[in-house]
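Let's take a friendly walk through a protein structure together. Have a look at it first, and then we will follow a few of its side chains.

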Amino acid sequence: MRQLLQVWMLLMALAFVNDRCHCCLQEERSGLLEIKAWFSHAPRFYELEDWDKDDLNCCNWGYRVACDNTTNRVIELDLAYVNYDAFVAYDAFVKYDADLYLNASLFLPFKELETLYLSNNQLVGGLKNQGSLLSILFSLHRN
């Protein structure tokens, strides 16, 4: 009976540890929440509402985040069109003034990032942290 109890406790401990391993890294989860805050004024911000600090597994945060199946590291971020308003963009009489200055350090927590989509977000002007951006783009290209 005692051995059965020990085996059951070992199985429960392994199940708990295994369950904890299926979450994305805290560093990446925090990074995604910082990106969400950066886009907080964007017209399509609602598409990031699934990014929730209470959900420990950011790999389940919708189609804009993709993770590696074995490491649970974020490998793809699709942030295209988040800062884009189709109605205003095609209206010649309304000036759409929601330009974004990219802060490349937002993407530094994602060590295994392979694909980053940022198109149609009105990224303009000089980029902050250009060295970081070049490092990220180089590592993405290398993979």
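Are Arg 73 and Glu 28 buried or exposed? Both of these residues are buried. Keep in mind as we go that this is a predicted model.

Side chains of opposite charge can pair when their charged atoms come close. Arg 73 sits in the loop between strand 1 and strand 2, while Glu 28 belongs to helix 2, so this pair ties together parts that are 45 residues apart in sequence.

The structure has 4 salt bridges by the rule used here. Another one joins Asp 78 and Arg 64, at 3.9 Å from N to O. Asp 78 is part of strand 2 and Arg 64 is in the loop between helix 2 and strand 1, so here the linked parts are 14 residues apart in sequence. With a relative accessible area of 4%, Arg 64 is buried. Salt bridges that share partners bring Arg 64 and Asp 78 into one network with Arg 44 and Glu 47.

Let's look at those last two residues. Arg 44 and Glu 47 form a salt bridge, with their closest N and O atoms 2.7 Å apart. Arg 44 has a relative accessible area of 24%, so it counts as partly exposed. Glu 47 has a value of 17%, so it counts as buried.

In soluble globular proteins, nonpolar side chains tend to be buried together. The largest nonpolar core here has 25 residues, and those touching the most other members include Leu 32, Ile 35, Phe 39 and Val 74. Helix 2 (26–38), strand 1 (65–67) and strand 2 (74–78) are the elements that each give two or more residues to this core. Helix 2 gives the most, with 3 residues.

What does Val 74 touch? Leaving aside residues up to four places away in sequence, its contacts include Leu 32, Val 65, Phe 110 and Leu 113.

Our last stop is the aromatic rings, of which the structure holds 3 pairs. The ring centres of Trp 38 and Phe 39 are 4.7 Å apart and their planes meet at 65°, so this pair is edge-to-face. Trp 38 and Phe 39 are both buried.

Methods:
Residues are numbered from 1 along each chain as its sequence is written. This is a predicted model: local features need pLDDT of at least 70, side-chain atom pairs count only at pLDDT 80 or more; totals for chains, interfaces and linings use all residues. Side-chain values use heavy atoms; hydrogens and water are left out. Rings of Phe, Tyr and Trp (its six-membered ring) pair if their centres lie within 6.5 Å; planes under 30 degrees apart count as stacked, over 60 as edge-to-face and the rest as tilted. Buried means under 20% relative accessible area, exposed over 50%, partly exposed in between (1.4 Å probe, protein chains only). A nonpolar core is a set of buried Ala, Val, Leu, Ile, Met, Phe, Trp, Tyr and Cys residues joined through side-chain atoms within 4.5 Å. Helices (H or I, at least four residues) and strands (E, at least two) are DSSP runs, numbered from the N terminus. Contact means heavy atoms within 4.5 Å. A salt bridge is a side-chain nitrogen of Lys or Arg within 4 Å of a carboxyl oxygen of Asp or Glu.
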